[in-house]
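Please open the structure in your viewer and keep the selection panel at hand.

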Amino acid sequence: MKILKNNYTIAVVNLENRSIINIEPSAEMREHIGGAAVNALLMEKYSQHDPLVLGTGPLTGGFAPASCLMVASFCTQDPYTETKKICHVPVTIKSGPLLKLSGMDYVVFLGQAAKSLVIYIENGSIRMDLAENLEGLDIPGAVKQLKLKGMQEAALITGPDAKASQGHHTASTGVFGGFDRCGLAGNMAAKNIRAVVLGGGKKMAFAAEDLTAERVLTAKIQKQLPRNRFLTILGKLPDADGAKALAKKYFRHSHACYHCPVGCINFLRYPADTTHVSKGQESAQGVFVMDHDGFAALCHKRPKDAHILMGKAMALGLDPFVLSEEIDSNTPLDSAMTQLESIVKTKMPDRVKKIRYLNDGICAAVYHLFGGALPQIIPPQNKEIFGSWEERVAFAMIVGVCPIPLLGMQALSPLALLPFITRDHTSHEGLMRRLEKGIQLLLNR
Ligand code: SF4
């Protein structure tokens, strides 16, 4: 069974006059498989209207492992070349499946809303409500408020002050944080979008053979997982000894996104006596660490309490990596928490150019265009197709799976995923050509 669609559902939302239309994909979009490649074409089509595009790939929401991906694409200043570039931020948890289950493959937002909005996408329709009731609330507080209104999932949300200091901020997937170190939060704030909420409501078709294929592939991936689950991704990062030590001490359990056998998200508990929890998060026992690189950077500065500071930073929608650059290592925790509250309002228009390190084979500008926060794990060198870090990430962002297992798990490779796209072997060659074209498009080659 083929799951490559000839048609996508594309909604275009004009934030200025609050109108919504559906458009047909162009022949070029159909040729480009999906995900970030189609997002890039939609960005091009609407380039005069400052678009923000949310999109899914052909595997999103199906039975392929880690098929949780939604890609958020927008245009921003590339700090390396100082030119305008399209960035594609991976958004995980269950954002991609919920967008599809809401009846949309792609949603394009144009222009700026006059007032701060919450966008609800559900059951084939899109609704825009004023975000007045979220004003001043940190992310756990705002998520709690949205849940009271029956929300399923906040796929994207920013902190309360993202507009005031865009350079410090990061867009969060609910309370889990995310992989935005390239300005998505700032782009949302400039558009006056406080949150995008996905409700699902529709059904999705899948191939019966995918169930068996998923079981086999998942078993292979699970065999490669470390016994100590907190090391699944942290264990593969260089220069992360402080983060490993802190995670070992406070690790409670691991958490996984939709259909992900890897479950790389570490839940770290706070010490029993901590009083440093955020508004709306009073019952929180700890913090979800999905941005391992940001956590490792913070642990360098604050090896004893980085997880508490990370929880606070995530609640305020602050980028833990940027904080690690600004916070002192010797300040007592109470003062450091106060420092965070003042940083959140400090104007810092440009993104920080620095990255913690850059592995051989990864170009800084490409790392930035895929969010700037994915782990720099060089995939196993087994002569597989799309074998470099850059090609693997681009492939994942097109087909709609989380890039992390494709980087760190030998059992999960582009070839292992092809049968989930089509079992018609005669079409594999054409499919590979189309994927290659999409990857070239994303990497600007
Ligand atoms: S690898 Fe981590 S971030 Fe990616 S889908 Fe799995 S749990 Fe989520």
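Select Phe 176, Phe 267 and Phe 288, which form one aromatic cluster in this predicted model. A pair of aromatic rings is described by the distance of the centres and the angle of the planes. For Phe 176 and Phe 288 the centres are 4.6 Å apart and the planes stand at 45°, a tilted pair. The structure holds seven such aromatic pairs. What does the pair of Phe 176 and Phe 288 tie together? Phe 176 belongs to the loop between strand 9 (153-157) and helix 5 (184-191), while Phe 288 belongs to strand 13 (residues 286-289), so the pair links parts that are 112 residues apart in sequence. Both Phe 176 and Phe 288 are buried.

Remain in the loop between strand 9 and helix 5, and select Ala 164, which also lies there. Ala 164 is partly exposed, because its relative accessibility of 32% falls between the limits of 20% and 50%.

Just after helix 5, select Asn 192, which takes a positive phi of about 65°.

For another covered helix, move to helix 10 (residues 306-316). Eleven of its eleven residues are buried; His 307 and Lys 312 are among them. Gly 317 follows helix 10 and has a positive phi, near 80°.

Next, select strand 1 (residues 10-14), in which four of the five residues are buried. Which strands pair with strand 1? One partner is strand 2 (residues 19-23), which runs antiparallel to strand 1 and is joined to it by five bridges. In this pairing, Ala 11 stands opposite Asn 22. The hairpin of strand 1 and strand 2 has four residues between the strands, and Arg 18 takes a positive phi near 55° in this hairpin. Another partner is strand 6 (residues 106-110), which pairs with strand 1 in the parallel sense over five bridges. Here Ile 10 stands opposite Tyr 106.

Tyr 120 and Arg 127 form the following stop. The charged end of Arg 127 sits over the ring of Tyr 120, at 4.2 Å from the ring centre.

In soluble globular proteins, nonpolar side chains tend to be buried together. Select Ile 119, Leu 156, Phe 295, Phe 370 and Leu 435: of the 125 residues in the largest nonpolar core, these touch the most other members. Helix 14 (residues 389-399) supplies the largest share of this core, eight residues. Keep Phe 370 selected and show its contacts. Leaving aside neighbours within four places in sequence, Phe 370 is in contact with residues including His 88, Pro 90, Trp 389, Val 393, Met 397 and Leu 442.

Then select His 368, in helix 13 (residues 364-369). Is His 368 buried or exposed? His 368 is buried, because its relative accessible area of 7% is under the 20% limit. Residues up to four places away in sequence aside, His 368 touches Thr 76, Gln 77, Asp 78, Pro 79, Tyr 80, Cys 87, Arg 181 and Cys 182.

Cys 87 opens the last stop, the cysteines. How many disulfides does the structure hold? There are zero. For Cys 75, the nearest cysteine sulfur is that of Cys 87, 8.2 Å away, whereas a disulfide requires the two sulfur atoms to lie within 2.5 Å. Cys 75 is partly exposed, at a relative accessible area of 29%. Finally, select Cys 260, which is buried, with a relative accessible area of 16%.

Key. Residues numbered from 1 in each chain as written. Predicted model: local features only at pLDDT ≥ 70, side-chain atom pairs only at ≥ 80, totals over all residues. Heavy atoms only, no water. Buried < 20%, exposed > 50% of the residue type's maximum accessible area, 1.4 Å probe, protein only. Helix = DSSP H or I, 4+ residues; strand = E, 2+ residues; numbered from the N terminus. Pairing = 2+ DSSP bridges. Phe/Tyr/Trp six-rings, centres within 6.5 Å; stacked < 30°, edge-to-face > 60°. Lys NZ or Arg CZ within 6 Å of the ring centre and 35° of its normal. Core = buried A, V, L, I, M, F, W, Y, C linked by side-chain atoms within 4.5 Å. Contact = heavy atoms within 4.5 Å.
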